[in-house]
Amino acid sequence: MKLAFKLAFKNLIGAGLRTWLNVIVLSFSFVIIIAAKGILVGWDRQAKNDMADWEIGGGQYWHRNYDPYDAFSLSDAHAPVPPEFKEEIANGNMVPVLITQGTIYPGGRMQPVLIKGIHPKQNLLKLPTQNLDTTVGAIPAIIGANMARANKLQTGDYLTIRWRDANGTFDAAEICITQIFTTNVPTVDLAQVWIPIENLQSMAMLPNEATVFTFRDGNLIRRGDTGEWKLMTFETLVSEVEEMIKTKSAGQAIFYSILLILALLAIFDTQVLSIFRRQKEIGTYVALGYTRGQVVGLFTIEGAMNAILAAVVGAIYGIPFLMWFAKKGISLGVSSAEYGFAIAETMYPVYSGSLIVGTTILVLMATTIVSYWPSRKIAKMNPTEALRGKIQ
Amino acid sequence: MKRIVYSLLAIISFLDLNAQNADEILKKVDQNMSSENRVFESTMTINGKRGSRTITSKSYSIGDKKAFTEYLSPAREQGTKMLKLENQLWIYSPSTDRTIQISGHMLRQSVMGSDLSYEDMMDDRKLTDLYSATVNGSENIDGRNTWVLELNAKVTDVAYAKRKIWIDNERYVPLREELFAKSGQLLKQSAMGNIIKIDGRWFPTSIVYKDMLKQGDGTEFKITSIKFNQVIPEYIFTKAALKK
């Protein structure tokens, strides 16, 4: 076996430029696959971290009627804070949020919004709610940067907000934008106004009621659903991001598989050519006592060794490149507002051990298969004819 | 002491008389404005920031429970039909040939970008059932003497906690109306005109609605023909009628 590797290596190096062309193209595949997949892994990690920091913490409890995709469900999606949550809220391990529909009128334009009430003193989420704990002669409100840009709003602006109370009666008041925050999570930004929960409870005539509870870590998961409250685990809440990244991953695979196929095609051609041109050599191996299987193995190892060399060559220029790429990141030129889910303007790829090992195994296996495929012909060769160099 | 008691009694009796008068005025207004059923054709001109557009429609309604509207023009809206039964609404769109059922909350949304909500358009509950009224004074609007009535909600499920209505004191029809939020902020204003007598009742056939929080010149609603207490076939108020 050791001899087979030695022989294969010598043959490959002996082939000169042909080998290095194959190796370089294959090494491109290595680097591009790792870089492209690294972006998706980085995106997945960043999206989940941002969602945890800004919106979902360690998980949430939703009112059983709450459907974030149906604004009309909000009028029936609230209930008093259950007694078993009160201690967690007092300890700062849980944050209640009340959500109602409303309308703002920036510059006389009508803009439907979700009014979200939250405790100003909470520190579970990154939302700068401390800016709600202020006196400004109107209801203090914080909004996201995308919301501010879409409605041409600035810190210190006063505007009218209209809503309906629990009985459906219209009410209106002035709000003052006390802070504009920047986040990659559009579900806490777009078309939303955050105000103190006590104000909203009083405005909507829903004292001590909430729509959603966000908790700090997974401890509360053990409770499961409770009364009118449905447990939404962290995994459930991020499943949509995972699904979306899976879809993106499938789309991305098409691009790098084209490059990989080109490299594999080159190796396949080289193998076919080798077997055609090296018939005397094959005959000699058999004459020396090699079994046909051993000869097939030798040629397969020779082809597969392209992948090993490609891994080495790829590492030489790929490691510095991928390290630079991980530091510099990539700007896709889209904002979370356009995408509708958590996405940073600059994405930083993350290369996990499993990604590198997985990619290496994938390329090695693919190369081995395309190397073995033409080598099977050797098994059908007549050794005497091969030794004479007769084309078979 | 006697004088104070007499003064108090006088004030109480004035307030009582005032309340009675206001309620009587409202009842007479309701008699003009509400009906068992009605069939009317109308045009709705929505004056937006980017220009105006006019929609014509034909509507049938029975009390405040059933209403059916078919849009006749422009071509983009032609054939669109709406059916309201109780607090549910179905909209049929001919371009997709589909009927969509919308929950009661959708009734609170704007009708085709106008200053009117479905609820505004379809809510035909009598004012006397919803509000307690007081006469706040009298004013002259375009040469007509009016009573100024202040209406405060006496039931909880009303959209506007307070209304101010200017009632023509001869014809018992509103000439102007202001709708207020609970906080007292003016939300909507409407001005009625072109009042005509139909079947013995006075009825305004032109109403300009204006959302006071929004820019724009409001929405003008004109009734081009109206008939009260007609025989409306029951099938009109069925989902099958939407696709016909």
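Predicted model: local features only at pLDDT ≥ 70, side-chain atom pairs only at ≥ 80, totals over all residues.

Reader: What share of chain B counts as buried?

Author: Of its 244 residues, 31% count as buried. As for its contacts with a separation of 6 or more, 44% are between residues 24 or more positions apart.

Reader: Could you show me one residue of chain B in detail? Where is Phe221(B), for instance?

Author: Phe221(B) belongs to strand 13 of chain B, which covers residues 218-228.

Reader: Is Phe221(B) buried or exposed, and why?

Author: Phe221(B) is buried because it has 24 C-beta neighbours inside 10 Å, and a residue needs 20 or more to be classed that way.

Reader: Which residues is Phe221(B) in contact with, leaving aside its neighbours within four places in sequence?

Author: They are Ser42(B), Met44(B), Ile207(B) and Tyr209(B).

Reader: And how far apart are Phe221(B) and Leu116(B)?

Author: In sequence they are 105 residues apart, and their C-alpha atoms are 9.7 Å apart in space.

Reader: Turning to the backbone, what is the peptide bond from Ser73(B) to Pro74(B) like, cis or trans?

Author: That bond is cis, with omega near 0°. Pro74(B) sits in the loop that links strand 3 (66-73) to strand 4 (81-85) of chain B.

Reader: What is the phi of Tyr172(B)?

Author: Tyr172(B) has a positive phi, about 55°, although it is not a glycine. Its place is the loop between strand 9 (162-168) and strand 10 (174-180) of chain B. Tyr172(B) is buried, because 20 other C-beta atoms lie within 10 Å.

Reader: And Asn208(A), what is its phi?

Author: Asn208(A) is not a glycine either, and its phi is positive at about 60°. This residue lies in chain A, in the loop from helix 5 (197-203) to strand 9 (209-210). Asn208(A) is partly exposed, because 13 other C-beta atoms are within 10 Å.

Reader: What about helix 2 of chain A: how many residues does it have?

Author: Helix 2 of chain A has 40 residues. From first C-alpha to last it reaches 56 Å, close to the 58 Å expected at 1.5 Å a residue. Gly57(A) follows helix 2 of chain A and has a positive phi, near 50°.

Reader: How do the axes of helix 2 and helix 6 of chain A cross?

Author: The axes of helix 2 (residues 17-56) and helix 6 (residues 234-277) of chain A come within 9 Å and cross at roughly 175°. The two helices of chain A are therefore roughly antiparallel to each other, as angles over 145 degrees count that way. Their contact has 23 nonpolar, five polar and five charged residues.

Reader: Where is Ile316(A), and is it buried or exposed?

Author: Ile316(A) is in helix 8 of chain A, residues 292-328. Ile316(A) is exposed, because 10 other C-beta atoms lie within 10 Å. Ile316(A) and Arg164(A) are 152 residues apart in sequence and 65 Å apart in space, C-alpha to C-alpha.

Reader: Finally, how many residues of each chain are in contact with the other?

Author: There are 17 residues of chain B in contact with 16 residues of chain A. On the side of chain B that touches chain A, eight residues are nonpolar, six polar and three charged.

How values were computed. Residues numbered from 1 in each chain as written. Chains lettered and ligands numbered in written order. Contact = placed C-beta atoms within 7 Å. Nonpolar A, V, L, I, M, F, W, Y, C, P; charged D, E, K, R; others polar. Helix = DSSP H or I, 4+ residues; strand = E, 2+ residues; numbered from the N terminus. Buried ≥ 20, exposed ≤ 12 C-beta atoms within 10 Å, placed from the backbone. Axes fitted to C-alpha atoms, helices over the stretch in contact; angles between N-to-C directions. Parallel < 35°, antiparallel > 145°, perpendicular 65-115°, else oblique. Expected span 1.5 Å × (residues − 1).
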